[in-house]
Amino acid sequence: MEALLCKKLGDPASASVGNESESSSSPIEVIRNYPIPQLNSPTAVRVKVKATSLNYANYLQILGKYQEKPPLPFIPGSDYAGTVDAVGPAVTNFKVGDHVCSFAALGSFASFIVQDQSLLFGLPKGCDLVAAAALPVAFGTSHVALVHRASLSSSQVLLVLGAAGGVGFSAVQIGKVCGAVVIAAARGAEKVQFLKSLGADHVVDLTSQNLTASVKGFLKSRKLKGVDVLYDPVGGKLTKESMKLLNWGAQILVIGFASGEIPVIPANITLVKNWTVHGLYWGSYSIHRPAVLEDSIQELLSWMEKGLITIHISHTYSISEVWSYY
């Protein structure tokens, strides 16, 4: 089978991807005849991967800067969708030919992947497999953060930083499903229009507008006091500026640090303003709260079937092309 193998740590965007027949300085290599994984337990299921999403976390893993550092060599990849290719003798939930989606710590950048049946989610009839492959991590992160951790409600104001990125885009949509007033921050006129089309109540173009001034103006026009929930996958200076907009009793969802800077949230201000700070590492829920993840993905699949959320696919790539994205 075809697989993308990480041989060493480094920046996959800094050199062309190699293959078995050519030398390359890239840390990743496309292997055309990698062994097809075999069923490793009675309840194992092998899935023929139709599509797998390209997440920032995958990039960090290859750089060696992710929270979890797998031993080399490894096949990157997390969420995916595809068709059941083979099942173990004790599998009761799926049969060959079923369409499924799931997520894994590693391994989805390949033609086939094996997982236990308990980790797979059956897809509704007619579901777009490419769209389903992009749902678990990005939408799952936002759903767990906003619904399970922050308990976002229709009476609240949500500010989403990095709103045009994968998790930000999903947070905007989930915020609207929850009935919240959604403020989105992004860069560039095209992204602003895109976020408005999703139903964001106010969008700040950070290339030309000041975040604080723009949001305060909007809040005043709606007779709102401030932001109740901050969804932050960016970090850095933007986090510090956003804290000026938070209400007493607000919640801060720490999702990631796409800016490359880890922000400081002063404990004394957190105390005085009764803020709640939630750290959210979505991947660890599979170990500590698997039932939460299962409920979350099932609800998201239901929302997708009903048209309440939309999976936006901006680009598609072959395995050898994926790092041109960066």
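**A friendly note on this predicted model**

1. Let us start with a cysteine: the sulfur of Cys178 is 20 Å from the closest cysteine sulfur, which sits in Cys101, and that is too far for a bond. Cys101 in turn has its closest cysteine sulfur in Cys127, 7.3 Å away, again too far for a bond. A disulfide here means a pair of cysteine sulfur atoms within 2.5 Å, and a search of the whole structure finds zero of them.

2. A word on the basis of this note. This is a predicted model, in which local features need pLDDT of at least 70 and side-chain atom pairs count only at pLDDT 80 or more, while totals for chains, interfaces and linings use all residues. Residues are numbered from 1 along each chain as its sequence is written, and side-chain values use heavy atoms, with hydrogens and water left out.

3. Are these cysteines buried or exposed? Cys101 is buried, at a relative accessible area of 0%, and Cys178 also counts as buried, at 18%. The cut-offs are under 20% relative accessible area for buried, over 50% for exposed, and partly exposed in between, using a 1.4 Å probe and protein chains only.

4. Now the whole chain. It has 10 helices and 14 strands; these are DSSP runs numbered from the N terminus, with helices being H or I of at least four residues and strands being E of at least two. The radius of gyration is 21 Å, close to the 20 Å that the globule rule gives for 326 residues, so the chain is as compact as a globular protein of that length. That radius is taken over C-alpha atoms, and the rule is 2.2 Å times the number of residues to the power 0.38. Along the principal axes, the C-alpha atoms fill a box of roughly 60 × 45 × 35 Å.

5. Of the 326 residues, 52% count as buried. The accessible surface comes to about 15,200 Å², and carbon and sulfur atoms account for 53% of this surface; the areas come from the Shrake-Rupley method with a 1.4 Å probe, and for residues only the protein chains shown count as cover. Among contacts (heavy atoms within 4.5 Å) between residues at least 6 apart in sequence, 67% join residues at least 24 apart.

6. Charges. There are 26 positive and 23 negative side chains, and the centres of the two sets lie 10 Å apart. Lys and Arg count as positive and Asp and Glu as negative, with His and the chain ends not counted; each charge is placed at NZ of Lys, CZ of Arg, CG of Asp or CD of Glu.

7. After the helix comes Gly64, with a positive phi near 85 degrees.

8. Ala180 belongs to the loop between α4 (166–177) and β10 (181–186). It is buried, with a relative accessible area of 2%. Which residues does Ala180 contact, leaving aside its neighbours within four places in sequence? They are Leu152, Ser153, Ser154, Gln156, Leu158, Gly175 and Asp201. Leu158 is 22 residues from Ala180 in sequence but 6.5 Å from it in space, C-alpha to C-alpha.

9. Helix α6 holds Ser214 and Thr212. Ser214 is buried at 12% relative accessibility, and Thr212 is buried at 12%. Not counting residues up to four places away in sequence, Ser214 touches His202, Val204 and Gln209, whereas Thr212 is in contact with Glu241, Lys244 and Leu245.

10. Finally, two loop residues. Lys223, between α6 (211–221) and β12 (227–232), has a positive phi of about 55 degrees although it is not a glycine, and it counts as exposed at 78% relative accessibility. Asn274, between α8 (267–272) and β14 (276–279), also has a positive phi of about 55 degrees without being a glycine; at 40%, Asn274 counts as partly exposed.
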